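Dear colleague,

I am handing over the structure below, and after it I describe what was found in it. Please read the description with the structure open beside you.

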Amino acid sequence: MRNIRVIDAMKDERIQCYSIMLSMDVNTYIELIDNAYKNNGGIEGQRIPLTNKSAIRIRDNMKKDILEGTILPPLVIGCTLNDNDMRLTKNIFDEYSCDDINNESSANIVNNILGQNELSIIDGMQRTTALKEILDNNSLEDYKLRIELWVTNKANNLIYRMLVLNTGQISWGLKKQLEVVFIHIKKELQNKIDGIELIESNDGTRSNRPMKYQVSHFVELYLSFSTRKCDVNLSEKVTEGFAKQDIIEESYNQQHLDYFIDIVDKLVKLDTLLNKENGLDRRLFGDQNARIGFIVSMATHIFGRPSKKYDAERVSEKFNYINTNLDRFIEKIKDMTEAEIVEFCQFDWLKECTESLVKKELPEYYKKAFDILIDEDFDVENMNECWYH
């Protein structure tokens, strides 16, 4: 068993997460987060920003302070648990005596959580980098760290934790923060959508066939689904602020993530039908612009326009309508012959309608096309009714 001491545990009643404060030596911490660190804390495709002079100077001062015995603020890591481990965690930490928190039961569940789940570094990449650089040349055998471990069985709760409660020294952009916790949404997508494969952009493979997609593209889809906007310009601070608030508000409710996964499931099913294997000259949902347009169209109908949100009862009603009719639409296409699919899709008209558009106009074009499909109750003679608008 690792040399880990449980100091305290608190339950976040608002989002049903547990914050478990731990104490461990630096070598144990580095061993635990090795995989997360190699993946830059869980940030897909990003590099740690350590090359500018000010960052290097700050890190060097931090290393000097550590060697002189300074106490670092707690580093924050997080993970999502399966329902069984979450029940065990709840049973142990819901009620405990502060004098008896570091017992065998709590130590066992913590070791199980840390040893069997994929961890994300939520707050502490710079401090972790400094510690690793020190250990390359020095011994910190007796150096102790406090680690705050956030556990949940709902990935959206980790998103909330990241966006609202993060107290890190480095200010991350919204997309980077989402990429950190998307590893947990990725798990739910893969558990609930049979055959889907989500790949990292740097693993050398291409997402050029149905059921295979880049993780970074799905981060973008989640952002578009939550904001109900085709183009979220995160380089603009005001826009990023509104986008962040939208996601914070939606992350309160697990149903929001469930809705996203269900709509993605329908998108993936359509992708397996509307591609070159069925005689078409293109793979419609191989284009991220089409995926964004589809996602935003469905999300807008379910939740309402960004400026006008529906209440929970109406959202449920709207989702059921979309879900039922998408199922019916998919079954309709499944029953078609290859020649009928080609005739139904009318991709020659799609090409004509989009060839004069610049790339940034395409997501909005596709959104309007799928808006028409919804307005027609998913009952169109062919897709030219949607493409020609």
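Two strands are taken as paired here if DSSP finds at least two bridges between them. With that in mind, and remembering that this is a predicted model, one can begin with the sheet, in which five strands are arranged in the order S1-S2-S5-S3-S4, forming an open sheet with mixed pairing. Strand S1 (4–12) and strand S4 (120–123) are at the edges and have a single partner strand each, so one side of each is left without a neighbour in the sheet. On average, and with direction ignored, neighbouring strands of this sheet are turned by 30° against each other.

Going through the pairs, S1 and S2 are joined in the antiparallel sense over eight bridges, and Arg 5 has Ser 23 in S2 as its bridge partner. The hairpin of S1 and S2 has four residues between the strands, and Gln 16 in this hairpin takes a positive phi near 55°. S2 and S5 also run antiparallel and are joined by eight bridges; here Met 24 has Leu 145 in S5 as its bridge partner. Strand S3 (residues 75–80), by contrast, pairs with strand S5 (residues 144–152) in the parallel sense, over six bridges, and Gly 78 stands opposite Trp 150 in S5.

Helix H4 (residues 83–93) lies across S1, strand S2 (17–25) and S5, and runs at about 80° to S2. S2 itself is mostly covered, since eight of its nine residues are buried. Cys 17 has 0% relative accessibility, and because the cut-off for buried is under 20%, Cys 17 counts as buried.

As for the chain as a whole, it contains 17 helices and seven strands, and buried residues make up 53% of its 389 residues. Of the contacts between residues at least 6 apart in sequence, 74% join residues at least 24 apart. With neighbours within four places in sequence left aside, Asn 112 is in contact with Asp 85 and Asn 117.

In soluble globular proteins, nonpolar side chains tend to be buried together. The largest nonpolar core in this model has 64 residues, and those with the most contacts inside it are Ile 263, Leu 274, Leu 284 and Trp 387. Helix H11 (residues 254–273) supplies the largest share of this core, ten residues. For Leu 284, again leaving aside neighbours within four places in sequence, the contacts are with Leu 274, Ala 290, Phe 347, Leu 350, Tyr 366, Phe 370 and Trp 387. Apart from this core lies another, of 40 residues, which includes Val 6, Met 86, Met 125 and Tyr 143.

Just after H14, Gln 346 takes a positive phi of about 55°.

Most residues other than glycine have a negative phi, and most peptide bonds are trans. Arg 228, in the loop between helix H9 (215–227) and helix H10 (237–251), has a positive phi near 60° and counts as buried at 4% relative accessibility. Phe 378, in the loop between helix H16 (362–375) and H17, has a positive phi of about 60° although it is not a glycine, and at 0% relative accessibility Phe 378 counts as buried.

Finally, on the cysteines, the structure holds zero disulfides, and Cys 353, at 19% relative accessibility, counts as buried.

With kind regards

Technical notes:
Residues numbered from 1 in each chain as written. Predicted model: local features only at pLDDT ≥ 70, side-chain atom pairs only at ≥ 80, totals over all residues. Heavy atoms only, no water. Helix = DSSP H or I, 4+ residues; strand = E, 2+ residues; numbered from the N terminus. Axes fitted to C-alpha atoms, helices over the stretch in contact; angles between N-to-C directions. Contact = heavy atoms within 4.5 Å. Core = buried A, V, L, I, M, F, W, Y, C linked by side-chain atoms within 4.5 Å. Buried < 20%, exposed > 50% of the residue type's maximum accessible area, 1.4 Å probe, protein only. Disulfide = S-S within 2.5 Å.
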